[in-house]
Every structure is written in C-alpha cells, then in structure tokens.
Amino acid sequence: TTPKEHHHFAHIKQQQTVQPTMKTTSLLVLAFATTTSAFGSFGKPKATTPKLPMPTFDDATQRYVKSPNDDGVMPYDAIGSALRHGPVPFITRLTNADEYEQGVLKYMGTAKVSRAEAVGNMDAKLNNPLDWSYQKMEEKNGKPKIDYTVLDPKQAALTSVWALAITPLVINVVSSTVSQFNNEPGPCVSKAFEGLGICSSYIPH
C-alpha cells in the first residue's frame with residue numbers, strides 16, 4: 001500500500017476505537033446523572049419541616065404545660081378575637097385568660113397544630129360550638145380546613161356594630177335596672193330569710 005492509503009486506514013481504525021470509548025463514557029455520565037437525580041445531591045441533607053412546640057400534660061396538676069420552645073405569643077389580641085369571632089371569645093380572654101390558655105394548649109396537643117391555628121379554632125368554638133363541631137366532622141371526611149385566624153370583613157363589621165351600639169345599650173339597661181332596684185327594692189326572694197333578717201329591707205311593710 002502507498003503511504004497515503006496507509007494513513008487513510010490508520011485514521012479509520014482510530015475512529016473505530018474512539019467511537020466505542022465515547023459511547024461508554026456517555027452511558028456512564030447518563031447513569032450518574034440519573035442516580036444523582038433520584039437520590040438528590042450528595043452532601044446536601046434533605047430539608048425537614050421544623051417540629052411544632054407541643055405542650056405536655058401534667059398529671060399531678062391536671063393542667064397543660066407550655067413547651068419551653070413555645071414563646072406563647074398569640075396571633076392577635078382580644079380585640080382581634082372580637083373582630084374575627086364576636087364578643088364571646090373577647091370576653092373570655094378578658095375575664096378568664098387562664099382557662100382560655102388551657103383550651104389553646106389542649107387543642108395544640110390533641111390536634112398537633114401551631115398556637116395560631118389553635119387560637120383560631122378556640123375562638124370559633126367559643127363563638128359557635130355547633131358550627132365548629134360540624135366543620136371538624138366535615139374535615140375528617142376530606143373537606144378542606146378553615147383558617148379561623150383570617151379576618152372576615154363582614155364579621156368585623158358586625159362586631160363593630162355590637163361594640164358601638166349594642167354594648168352601650170346593654171350597659172344602660174343594666175345600670176337603670178340596678179338603680180331602680182336600689183331606689184325601690186322589691187320583696188325578698190325567699191320567705192325563709194325573713195326570720196334571719198337577711199333581706200328584711202326588701203320586704204314590703
């Protein structure tokens with residue numbers, strides 16, 4: 001063969017050697033990429049959702065105890081409860097804060113939810129126990145959850161009317177009734193107290 005033909009055959013042989021090598025390398029790269037995609041990036045742990053600070057129940061005191069990791073901050077104040085769910089949760093938070101907090105902690109522990117979600121559910125339950133219980137039953141059957149922390153403009157308007165109009169009226173009625181009772185006392189509630197002189201001033205002569 002001539003030098004030119006020899007060079008041509010050598011070039012073809014070199015191409016035949018390189019092509020399988022390139023195919024093998026491509027297959028290895030593809031396999032590695034597939035494995036990495038399936039198992040995630042090496043050296044980077046998968047992000048985990050932080051655990052909620054769940055309360056515990058003290059058998060000795062029969063009370064729920066707040067977790068050390070729970071800052072105890074409410075999602076909104078008592079006025080926020082009134083604007084979202086009416087006067088009942090508002091009054092409860094003002095007059096019986098400890099019982100309210102125990103209810104929140106109990107719901108956090110049993111439902112495994114955040115403090116904000118527990119407060120919203122506590123307010124909704126205080127406002128309308130029947131509707132709240134029905135909603136919880138529906139959720140167990142697959143119905144979406146209701147976010148009770150959301151401020152409904154209609155409910156806020158109703159609460160504003162209650163605060164600005166109804167409350168002063170109720171206070172006026174109560175004040176008038178007490179004043180009339182003090183000025184014109186009626187008969188004693190029970191005759192059994194007459195001999196004891198407990199309510200002799202209320203017995204008409």
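Buried means under 20% relative accessible area. The exercises below use a predicted model.

**Exercise 1.** Is His-85 buried or exposed, and which backbone oxygen does its side chain reach?

Solution.
1. Locate the residue: His-85 belongs to helix α2, which covers residues 78-85.
2. Take its relative accessible area, which is 7%.
3. Compare with the cut-off: His-85 is buried because 7% is under 20%.
4. Check the side chain: that of His-85 reaches the backbone oxygen of Tyr-148 at 2.8 Å.

**Exercise 2.** Which residues line the largest pocket, and which helix supplies the largest share of the lining?

Solution.
1. Start with the space: the largest pocket holds about 170 Å³.
2. List the lining: Gly-103, Lys-106, Tyr-107, Thr-110, Ala-118, Asn-121, Met-122, Lys-125, Leu-126 and Trp-132.
3. Assign helices: α4 (97-111) and α5 (115-127) each contribute at least two lining residues.
4. Find the largest share: five residues of the lining come from α5.
5. Sort by type: five lining residues are nonpolar, three are polar and two are charged.

**Exercise 3.** Which members of the largest nonpolar core touch the most other members, and which residues does Ala-118 touch?

Solution.
1. The largest nonpolar core has 13 residues, and Tyr-100, Val-104, Tyr-107, Met-108, Ala-118, Val-119 and Trp-132 touch the most other members.
2. At least two residues of this core come from each of α4 and α5.
3. The largest share of this core, five residues, is supplied by α4.
4. Leaving out residues up to four places away in sequence, Ala-118 touches Val-104, Tyr-107, Met-108 and Val-113.

Methods
Residues numbered from 1 in each chain as written. Predicted model: local features only at pLDDT ≥ 70, side-chain atom pairs only at ≥ 80, totals over all residues. Heavy atoms only, no water. Helix = DSSP H or I, 4+ residues; strand = E, 2+ residues; numbered from the N terminus. Buried < 20%, exposed > 50% of the residue type's maximum accessible area, 1.4 Å probe, protein only. Polar contact = N/O pair within 3.5 Å; in protein donor to acceptor, adjacent residues only side chain to side chain. 1 Å grid on protein atoms, 1.4 Å probe; cavity = no way out; pocket = protein on both sides within 12 Å on 5 of 7 lines; lining within 4 Å. Points joined across faces, edges and corners; volume = space filled by probe spheres on them. Nonpolar A, V, L, I, M, F, W, Y, C, P; charged D, E, K, R; others polar. Core = buried A, V, L, I, M, F, W, Y, C linked by side-chain atoms within 4.5 Å. Contact = heavy atoms within 4.5 Å.
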